[in-house]
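Open the model in your viewer and keep the selection tool ready. This tour tells you what to pick and what is there.

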Amino acid sequence: MSASLPQGFPQPTEANIIEVKEYPQYRAVTYTHTGDSRMATRAAFDPLYQHISSNQIAMTTPVEARYVKEGEQTEVSFLYSTPDMTPQKIDSQVMVRDTLPMKVVSIGIQGAYSWESYEQNLQKLKEWLAQHPEYEVVSPPRRLLYNSPMTPEDLKRSEVQIEIKLK
C-alpha cells in the first residue's frame, strides 16, 4: 500500500478470503457520481484530489466507492486519517461526511480493479450471506481500493464489502 490506513482501520482482507470485520467511525470527503458506476472513481478523482490538496490533507488508503444505486449513483470518498480532521475549504462539488462504526462481510481481491471482478466477488458475498442467515444486509455494497493507479494491475489489492448486522 502506498499510503497509510485511517486510524483504527483493520488491515485489508487477504485475497480470496471472506471474513467479517469491524470498522470504527471515520470522516471522509465524498464526490457523488451520477451515471455509469464503472466510471465513478475516474470522475471523482480530480475533485477529491483538489480537496485534499487545497486543505493540505495527506492521502490515505483505501479509496471507498459506495454503490448507492448501482449503475445510477455512486459515492466515491477519500478517507481522512482521523475522524476529527476538519478541512478549512470545502468546494461545492464535494461534501465531508462522517460514517458510524460498522460491521461488514468482506472479500479480499488481488488484481485489476475491473467491473467484472467487482461483480464476481459481490456474487460470492451474496452466496456467503445466503449460507449465514444470522446476518442481514444494512446498506448497499461498497468497494475499497488500496493502490495507486501506478501500481501494476496484478499487484493491486481491493475488497468488496456489504455492511451487515446480526438479526
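Start with Lys156 and Tyr113. Lys156 lies over the face of Tyr113, at 4.8 Å from the ring centre. A charge sits over a ring if NZ of Lys or CZ of Arg is within 6 Å of the ring centre and within 35 degrees of the ring normal.

Before going on, note that this is a predicted model: local features need pLDDT of at least 70, side-chain atom pairs count only at pLDDT 80 or more, and totals for chains, interfaces and linings use all residues. Residues are numbered from 1 along each chain as its sequence is written, and side-chain values use heavy atoms, with hydrogens and water left out.

Now select Arg142 and Tyr23. The charged end of Arg142 sits over the Tyr23 ring, 4.8 Å from its centre. Rings of Phe, Tyr and Trp (its six-membered ring) pair if their centres lie within 6.5 Å; planes under 30 degrees apart count as stacked, over 60 as edge-to-face and the rest as tilted.

The whole structure holds eight aromatic pairs. Select Trp115 and Tyr118: their ring centres are 4.7 Å apart and their planes at 40°, so this pair is tilted. Both belong to helix 2, three residues apart, and are separated by about one helical turn. Helices (H or I, at least four residues) and strands (E, at least two) are DSSP runs, numbered from the N terminus. Is Tyr118 buried or exposed? Tyr118 counts as buried, at 0% relative accessibility. Buried means under 20% relative accessible area, exposed over 50%, partly exposed in between (1.4 Å probe, protein chains only).

Next, show the largest nonpolar core, of 15 residues; Val105, Tyr118 and Ile162 are among those with the most contacts inside it. Such a core is a set of buried Ala, Val, Leu, Ile, Met, Phe, Trp, Tyr and Cys residues joined through side-chain atoms within 4.5 Å. Strand 3 (63-69), strand 6 (102-110), helix 2 (115-131) and strand 9 (157-166) each give two or more residues to this core. Helix 2 gives the most, with six. A second, separate core of 13 residues includes Phe78 and Tyr80.

Finish on strand 3. Five of its seven residues are buried, so strand 3 is largely enclosed by the rest of the structure. Strand 3 pairs antiparallel with strand 4 (residues 73-79) over five bridges; two strands pair if DSSP finds at least two bridges between them. Look for Ala65 opposite Val76 in strand 4. Four bridges join strand 3 to strand 8 (residues 142-145), also antiparallel. There, Arg66 has Arg142 as its bridge partner.
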